[in-house]
Amino acid sequence: MKIVILDGGVLNPGDVDWAPIKALGDVTIYESTNSDQLAERSKGADVLLTNKTPLRKEDLPAIEGVRMVGILATGYNIIDTEALAQRGIPVCNVVAYGVSDVAQHAMAMLLELCRHTSLHTESVKNGDWLKSKQWCYWKLPPVCLEGLTMGLIGFGSIGRRMGELAHAFGMSVLANCRVPKDPPTYSPFAFATLEHIICSSDVISLHCPLTKETKHIINAKALSNMRKGAILLNTSRGPLVDEAAAAAALKSGQLSGLGTDVLSEEPPTADNPLLSAPNTLITPHIAWATTRARQNIIDLTAENIRRWQSGTPVNVVNGVSNA
Ligand SMILES: NC(=O)C1=CN([C@@H]2O[C@H](COP(=O)(O)OP(=O)(O)OC[C@H]3O[C@@H](n4cnc5c(N)ncnc54)[C@H](O)[C@@H]3O)[C@@H](O)[C@H]2O)C=CC1
Ligand SMILES: O=C(O)C(=O)CO
């Protein structure tokens, strides 16, 4: 079996082990691949693996002969899954490889937005404490999470873990997802409509996939309906948020902070409005990138390929059960 990894460079710069995938056949690993290189590199491949290299309808002729596509990630918005389904090509993603990893990243941004540790460390190192007339000073008062409400949009693997972390910090938790079921045992917790979450949460954290329905789920209207001074967290996908509207809300104080690990374009262009927005933390899509989570992706992808090969595919996101 010939397996081609189109963009293995980010997933494995050398600190995790491709062995579980290499054990399955003849594996070729490319750092990254652009659309012009797709046809040549996919030639003869049975399995194509991509992390963020798009596979759109117009790319289908270039991947003629490929029998299975694996995404080295959970989110699969870079792939036209329907077009691949029409060709009978199953697309499998990696589920729950780094649930705590992503939730902890969202929580790290929330804590930084509430406790301002970097802001104050920078101020102290710049000499402000030496010059202070008082034994203590602050540039912004710290905020305590206990008693506040966390609104989760998306309550799958990561959203649920985020709910547990929020609960551990003494927050009430509201959650919205497509099919509300299996409520957690902690309290206070409630499933809620999107509208209710928008207007009743102190912190809103996004954990749903990017789809036609969720694009700009946080738009100017949603932002204006939020509590004054709410905090927004996005570790899912950049286009869930209308970035121009979010930047305006940060400038006006309608949002008191934004923590985002993702942007609408990655890498961003210099004119992205969030790059200059106040009270905004931006990390370069690294919530998933612990070594343990990246090794999990490799191990679970190998299992996806094995299951597909044996005729009992799992984690198929486009309904094609065999090829
Ligand atoms: N920043 C990073 O490094 C990472 C980001 N992600 C992103 O996080 C997202 C969530 O991951 P998981 O929790 O593992 O996925 P999951 O599939 O377990 O959960 C997704 C949840 O979103 C809900 N959902 C779907 N459409 C919705 C809608 N229109 N409105 C409200 N809820 C909706 C589903 O019902 C489900 O509860 C992924 O789709 C991916 O985009 C995932 C891993 C790493
Ligand atoms: O797994 C995902 O969806 C990520 O965003 C990391 O690649």
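The shell around ligand 2 comprises three nonpolar, four polar and two charged residues. The model is predicted. The residues that surround ligand 2 are Asn51, Lys52, Ala73, Thr74, Gly75, Tyr97, Arg237, His285 and Trp288.

Several polar atoms of this shell were examined against the oxygen atoms of the ligand. A side-chain N or O atom of Tyr97 lies 2.5 Å from an oxygen atom of ligand 2. His285 also places a polar side-chain atom by the ligand, 2.7 Å from an oxygen atom. Gly75 takes part through its backbone: an N or O atom there is 2.7 Å from an oxygen atom of ligand 2. On its own, ligand 2 has 230 Å² of accessible area, and the protein covers 90% of it.

Strands of a sheet pair through backbone hydrogen bonds, in either a parallel or an antiparallel manner. Strand 4 covers residues 68–71 and runs parallel to strand 5. Two bridges join strand 4 to strand 5. Gly70 has Cys92, in strand 5, as its bridge partner.

An unreviewed UniProt entry places the feature "domain: D-isomer specific 2-hydroxyacid dehydrogenase NAD-binding" at residues 107–287. Over residues 107–287, the chain is 31% helix and 17% strand. The end C-alpha atoms of this stretch are 11 Å apart.

Conventions: Residues numbered from 1 in each chain as written. Chains lettered and ligands numbered in written order. Predicted model: local features only at pLDDT ≥ 70, side-chain atom pairs only at ≥ 80, totals over all residues. Heavy atoms only, no water. Pairing = 2+ DSSP bridges. Helix = DSSP H or I, 4+ residues; strand = E, 2+ residues; numbered from the N terminus. UniProt positions renumbered as here; feature names shortened; annotations may be inferred. Near = heavy atom within 4 Å. Polar contact = N/O pair within 3.5 Å; in protein donor to acceptor, adjacent residues only side chain to side chain. Areas by Shrake-Rupley, 256 points an atom, 1.4 Å probe, with all protein chains shown as cover. Nonpolar A, V, L, I, M, F, W, Y, C, P; charged D, E, K, R; others polar.
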